[in-house]
Structures are given as C-alpha cells and as structure tokens.
Amino acid sequence: MDKQRRKFLKIAGASVVAGLGVPVIMKLSGEPAHAAGGNAAAAKDTLTKEASKAVRLGMVIDMRIFTDKPELLDDAISSCINAHNVPQFPDKKNEIKWLWKAPFKNVFPYHSSSYASKKIGKVDFAVLCNHCDEPPCVRACPTQATFRAESNGIIAMDMHRCIGCRFCMAACPYGARSFNYQDPRPYITKYNNEFPTRMKGVVEKCNFCAERLALGQEPACVEACQGTGAIIFGDLNDPGSELRAVLDKEFTIQRKPTLGTKPSVFYIV
Amino acid sequence: MIEKTLKGKPAYWIWLAFLGMFMAIGAACYIRQYNIGLSLTGMSRDVSWGLYISQFTFLVGGAAGGVMLLLPYYIHNFKEFGRITILGEFMAIAAIIMCLMFIMADLGQPMRALNVLLYPSPQSILFYDAIVLNAYLYINILCGWVILTAERKQVKPPKWIYFFIYLSIPLAISIHTVTAMLYCGLGGRHFWLTAIIAPRFLASAFAAGPALIIIACLILKRVAGFDAGRKAMNKLVTIIIYAAILNMFFVGLELFVGYYSNIPGHKHAFEYLFFGLEHNGHVYNNLVPFMWGFVVLGFGAIAVLLTPAARKNDLVLGLGCGALFLAFWLDKGIGFVLAGFVPTPMYDVVEYIPTANEIGITIGIWATGLFVVTVLYKIAIGVEHEVEKC
C-alpha cells in the first residue's frame, strides 16, 4: 500500500541538502515528483509552474480510525514527544505541544457544532501545525527564524536565530506554536540523543519530522499509526500519491479555511 | 548643556533618588527574569503577550502625541507653542526609550535582538516598527538638541534642521500606524483584525500625549517656575478634546459592528472586556472593571475639560488631563492587547494576571522613562531660565 510513499521518502531523503547545520531545519529537495507522468490533466490541475515542480508535504488525518482506536492517537503523541524531546510541563501555562488532542469544537470553532452527534463531541482530534502554504507565522517573523522550506513546503524553525518575540504565536490562527518560557531540559522525560533539545526563550512547534524524512523515515506519528491508515502522509503536489488518492476519494475538511492560509493538514471526520 | 542636570534643588535630587529606587528594583527583577526565563511572568502559551507589549503599545502613542505640538507650531505658525515644542520632543525621546526597553524585556532571547537587523525581513511588520521607532528616536534627539542649542545662543536654528523637523511629523504618524499594523494584520485574531486600529491608536495618542504634556507643564509651573502660558494650554485642551471624542467614537463604531452584525467572533472580545465572557459555565471578567474605568474616566475627563473652569483653574485642568491619561492607558495599555488573546485560536478562554516580578520590571521601566524626562526637562528649563536672565 505504501510502496510509492516509501519510494518518495527515500528519494527525498537521499538528496538532502545539509541545511544550516541544525537537524531541525534540514530540507528535502524538490523532486519533480510527477513531471515524468506526462499526465495532461494533472498538469492542468496545478495552478502554476512552480507548484507543479515543488514538493508540498501534507497529511490526511482519518478521524474515523482514531474514533475506533483512541489509544492510537496516544501512541502517536508519545512517539512525537520521544522523537523530539518535547518537555512535559506539569502546568498549562508553560506547556509545549507539537502534536496533541482536542475536541471538535475547539479544533474547528467555525464549523457548527450545534446538535452535533454525541460521537463527535466525545472524540479527541489530532492537532498539529498545519504547515500552511500561506503561513502567517512566516510573514510575521522579523528574523526569518521560521520559514517555509521551498523544497517541500515544511514550515521549519531555526531555534538558534529565534529572538523569542512571539509574534509568530500571535499570528498563528491554529495555536500550533509553543514558547519555552523556561529551560525545558529538566522536563524532558526520556532523552532522545538523535534530536537537539531547546533552550529557554525560543518558539517551537511540529516540524513534520524533517529530520526523519532526511533519513528516509516516515514522521514519528505516521509510523506509530502504521498499517491503520489513520494518518496518510505524502506530497500534495503529486497527483499519483496515496495522499491525493485519499483526498480525491474522501470528503475532507481543513481548519479555518476562510483565513486563506491553505493548511496542508486535512481531516476526514 | 548636560551640566544643567547636575545642579538642582534638594527636591530634584530626592525625586531622582525616588525614581532610582524603582529603577533598581526593576533591574533586580529583570536579572531574575533574564536568568530564569519569561516563566516568571503571567504570560502563557495562550496569552503570549502581556504587560510589556501593552505598555509598549501605549507608549508609542505617548511618543507620537508630541507631534500635536510640532504641527500647529511649524505648519500653522501657532506661536504660543514655541516654548513647549521642546517638551513634546523630549517626552517623545523618553517614551521611545521606554518602548525599546519594554520590547527588550519581552524578548525570550534579548541577546539576539540585533538579528532583526542582521536578517532583515521586509515581510514582517516588526522589522518596519524597529526602523521607524529608532528613526523617530534619533530625529527627536537631533531636533531637540539643535533647537535648544540655538535658543541658548539666541540665534535662529540652522535651516537644515527644518528638514528633519518636517520629516518628524509624518514619522510620528508612522510609528503608531506601524504599531497598529502589528496587530491588525493578524488573520486569526478577530479583535485586532480591523482597519480602525491605526486611526484609533492615533486618536488616543493625540489625546493622551498632549494630556501628559499639560500635566508636565502644570508641574513645571509649580516646581521650576516655567509657565507655558494659558493660551498654549487652552489650545492643547481643544486638541485633546477633539482627539479624545474621536477615540470614543471609534470604540463605539467597533461595538456597533460587533453587536449589530451579531457575529460571535466579532463580539467575543468586547463581551470579555465589558461584560464578562461565559465559557464552559465560567464567566471570565478580569478586565471588566478596567474597561468601565476607561469609559467613566474617559467621558468624565472630556466633560471636565469642556467646562470653562478647566481653562482657568490649574487644578481642574490637571485632574481632567490626569483622568484622561489614565482612561486611555486602561484602554490601550491594558485592555487592547490582552483582549486580543480572547478567545484563543483553540476557542478557549485563558486569563492573564501579571506576576509581582513582571510588575516590578514594568514599574522600573516607567521610572526610567520619568527619570529621562526629568533630566531632559531640567536641561530645557535650565536653558530657558538662562536666556531669560540675559
């Protein structure tokens, strides 16, 4: 099922350009994933030349599967926490969140939830950075410490450049960003030596596991849900990708689409 | 001219020592915050800006307000402002210094502040804010110093300085406009996402700034024997009243849009500010007393300033201006920034209460601003007296 995806991830990983020496901001190169297909309809489908060439990583979260297996989301969250040394603060004030869960009414506040089915009210939705195609956080950042990797569309962070002004946090309409109000290191439960820890005074968030993609691996949350189809990850600009096949087949929604941020994370409710 | 700051009556030194005490407390609090982190503040993941940024926003207005002295004097040739334009410029210098200090206090990594210049990012409004604020600071230092030097020497200011004086007028408008754009360009925050933020900021600045100048003039009249003149004061009162009414009018327009359209996103923040916002069975209303304080003091001050007594009696004038300054501080220095975070992007309500350490730093920076303004006014008044003696 995910042969094609693996292939893409390997190609992408093999051609990694060493970024700024920080694993957090590694880039994937932009392979023209479907250029060889010669599919006229697909070429028409993409709006601009650039869009047809660049990779834009995205994700579909199938809530039907998470509804049936709520423990799956817990696994995904803990694998994310372990992969990225995400500190676990006891208080809500200082908390750092990359991938977390919240009810429908909080995740989709502009969608009506009056007379919503009881099922929807009880389910916890997976929430993470949307890796928007038009990211307001990148626009707000005064130092380009947060930026859109042109090669794959990941909204990445350079934690060594971030001055901690928190303008990106005010700009993000999804509450996806966290600030290290104090040294996070004492609150890391299990150290992963493969990923850098952060210092106080910088902002962080989900990075779509850019560091794992660079090694040809899937994002940690995707791997945790392997075989279930709960999270489908791939290139939104590749009409032949599994991700696009799912998007073609199912009705999906994005968070706050009216803001024009073009989120790359889609939900099947 | 700096030597003028070194000679003064005991009251001058006591006042400076008094401010110095708060500055020292602020510095100690800041060292704690620098070492431990911003977790010492009341800010959180959900309310990521607090007292520092709200004071910054208000004080940009204090700096821009000085232009209400320059404009009538240099453009409309209103001679009575000749003696007090320097007070406006020096107030602007102190206000901008406070603004920059509040920004530094708010940064998670203050040692990296220069990254804003090292990696210029023209798509970020903060980049432009850094440019206009610094430009306005240096232009005011330049203009203030050159004009005061000329006055001391009893000569006309050099012609070239007029270029910078005229430049400082649009620059004053720009600092507050750009500061408004920090907020009104953020798509996810309903309360800030409105084109009226910049006009509203300017209106409140053009009322609160001159109100502070009047208070300063009244104090200087008592303690330093400096009389700005009734005619100048009355003109300032007229300016303040118009600007204050405009600000109240703009607030009213905002309320109309929210409540008449009945769009929840437009109403939430106003509900939170004025009546308390109910969410999951809990009513969140921390800011309600502050905002009604703003309404009562604001309209009260306008009414007081409209009375003939305000044009004759120093006490009435001072009370009116003080109430107005306080009202607009409650509105912009407290309500405006904090309400923008309600509700959060995840439709939750999280309230913010500043910590003692945070308040210590805030008071320390205000004390620094008053210290700077005291010293600068001492120089200006010293030169004034020196010229009178000649």
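## Confidence in the model

Chain B averages a pLDDT of 94, and 100% of its residues score at least 70. The model you are looking at is a predicted one. For the complex as a whole, the predictor gives an ipTM of 0.91 and a pTM of 0.90.

## Chain A at a glance

Let's turn to chain A. Its secondary structure comes to 12 helices and nine strands. Of the 269 residues in chain A, buried ones make up 49%. Sequence separation is worth a look too: among contacts in chain A between residues at least 6 apart in sequence, 68% join residues at least 24 apart.

## A three-stranded sheet

One feature to look for in chain A is an open sheet of three strands, in the order 8-1-9, with mixed pairing. At the edges are strand 8 (231-235) and strand 9 (265-268) of chain A, each pairing on one side only. From one strand to the next, the twist averages 20°.

Strand 1 (residues 57-62) of chain A pairs with strand 9 of chain A in the parallel sense, over four bridges. In that part of the sheet, A:Asp62 stands opposite A:Ile268 of strand 9. With strand 8 of chain A, strand 1 of chain A pairs in the antiparallel sense, over five bridges.

## Around strand 1

Is strand 1 of chain A mostly covered or uncovered? Strand 1 of chain A is mostly covered, as six of its six residues are buried. A:Leu57, A:Met59 and A:Ile61 point one way from the strand, while A:Gly58, A:Val60 and A:Asp62 point the other way, and all are buried.

Helix 12 (residues 242-249) of chain A lies across strand 1, strand 8 and strand 9 of chain A, and runs at about 115° to strand 8 of chain A.

## Where the chains meet

How many residues of chain A are in contact with chain B? There are 38 residues of chain A in contact with 30 residues of chain B. On the chain A side, the elements that give two or more residues are helix 6 (104-107), helix 8 (136-140), helix 9 (167-171) and strand 6 (178-179) of chain A. Helix 9 of chain A gives the most, with four residues. Sorted by class, the side of chain A that touches chain B has 20 nonpolar, 10 polar and eight charged residues.

## A helix in chain B

In chain B, follow helix 8 (residues 197-223), which has 27 residues. From its first C-alpha to its last, helix 8 of chain B reaches 38 Å, close to the 39 Å expected at 1.5 Å a residue. Because 19 of its 27 residues are buried, helix 8 of chain B is largely enclosed by the rest of the structure. Just after helix 8 of chain B, B:Gly225 takes a positive phi of about 65°.

Terms used
Residues numbered from 1 in each chain as written. Chains lettered and ligands numbered in written order. Predicted model: local features only at pLDDT ≥ 70, side-chain atom pairs only at ≥ 80, totals over all residues. Contact = placed C-beta atoms within 7 Å. Nonpolar A, V, L, I, M, F, W, Y, C, P; charged D, E, K, R; others polar. Pairing = 2+ DSSP bridges. Axes fitted to C-alpha atoms, helices over the stretch in contact; angles between N-to-C directions. Buried ≥ 20, exposed ≤ 12 C-beta atoms within 10 Å, placed from the backbone. Expected span 1.5 Å × (residues − 1). pLDDT = per-residue confidence, 0-100.
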